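Reader: Before I use any of the labels in this description, I would like to see what stands behind them. Please take them one at a time.

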Amino acid sequence: VGEFSVPVIPGQLHYRLGLEQGADNGVVLSEDSLTVGDFSGQQYALSGLVLGSRETNLTWRPEPGDTVWLNPLGRYRRATEMELYYEVYGTPAGATLRTEVQVRKRGGGAFLGLFRSGKPAIRLAFQDQSEGPATRFHRTVSLERLSEGHYTLEVQVADASGEVRQNREEFEVRD
């Protein structure tokens, strides 16, 4: 696992990634896209979600003394606790942030199982205070109540004025 930084401007970006190891070994991946938010701290924003597990033993250190657990495969055992990491930007220090985390099983809905079911399998709520331009959050989510299948984890964060930012990430549970 490695990391490199590329300066970009906020907005919808399209990219193609090429990796090389030595003169004779490399790969060029197919084109992909992503939406880059304004994470300068000047605007209210929610980062992408990082889902991880201590069992994978892969980490990222966003700042000294801070550890974020990674799980690049997105597969978890029910007995595992999922480690969730996200950042909130652009709120004044001391401002109230209300967070809701929901996990829903994919499929099982009305049209060909494409739509999510009504009731979340897991629902957690938190109230915290902002640390200023960038606030980092670590949450642990027990998966023991989930059955095997594909799930979507959604995080919604409301600032003191009630304005909401949300993001979601998919994962799979196996026994």
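Reader: How many aromatic pairs does a search of the whole structure find?

Author: The search finds five aromatic pairs. Rings of Phe, Tyr and Trp (its six-membered ring) pair if their centres lie within 6.5 Å; planes under 30 degrees apart are stacked, over 60 edge-to-face, and the rest tilted. This is a predicted model, in which local features need pLDDT of at least 70 and side-chain atom pairs count only at pLDDT 80 or more, while totals for chains, interfaces and linings use all residues. Residues are numbered from 1 along each chain as its sequence is written, and side-chain values use heavy atoms, with hydrogens and water left out.

Reader: Why is the pair of F39 and Y89 called tilted?

Author: The ring centres of F39 and Y89 are 5.1 Å apart and the planes stand at 45°, so the pair is tilted. F39 lies in the loop between β4 (32-36) and β5 (45-46), and Y89 in strand β10 (residues 81-89), 50 residues apart. Strands here are DSSP runs (E, at least two residues), numbered from the N terminus.

Reader: Is F39 buried, partly exposed or exposed, and what makes it so?

Author: Buried means under 20% relative accessible area, exposed over 50%, and partly exposed in between (1.4 Å probe, protein chains only). F39 has 36%, so F39 counts as partly exposed. Y89, with 10%, is therefore buried.

Reader: What makes the pair of Y86 and F137 stacked?

Author: The planes of Y86 and F137 are at 20° and the centres 5.1 Å apart, so this pair is stacked. Y86 belongs to strand β10 and F137 to strand β13 (residues 134-142), 51 residues apart. Y86 has 0% relative accessibility, so Y86 counts as buried; F137 is buried at 6%.

Reader: Which residues form one aromatic cluster?

Author: The cluster is formed by Y76, Y151 and F171. Y76 stands opposite V173 in β15.

Reader: How do you know that β9 pairs with β15?

Author: Two strands pair if DSSP finds at least two bridges between them. Three bridges join β9 (residues 75-77) to β15 (residues 164-174), and the strands run parallel. Strand β14 (residues 149-158) pairs with β15 in the antiparallel sense over 10 bridges.

Reader: What makes β9 and β12 edges of the sheet?

Author: The open sheet has five strands in the order β9-β15-β14-β11-β12, with mixed pairing. β9 and β12 (122-129) each have a single partner strand, so one side of each is left without a neighbour in the sheet.

Technical notes
Helices (H or I, at least four residues) and strands (E, at least two) are DSSP runs, numbered from the N terminus.
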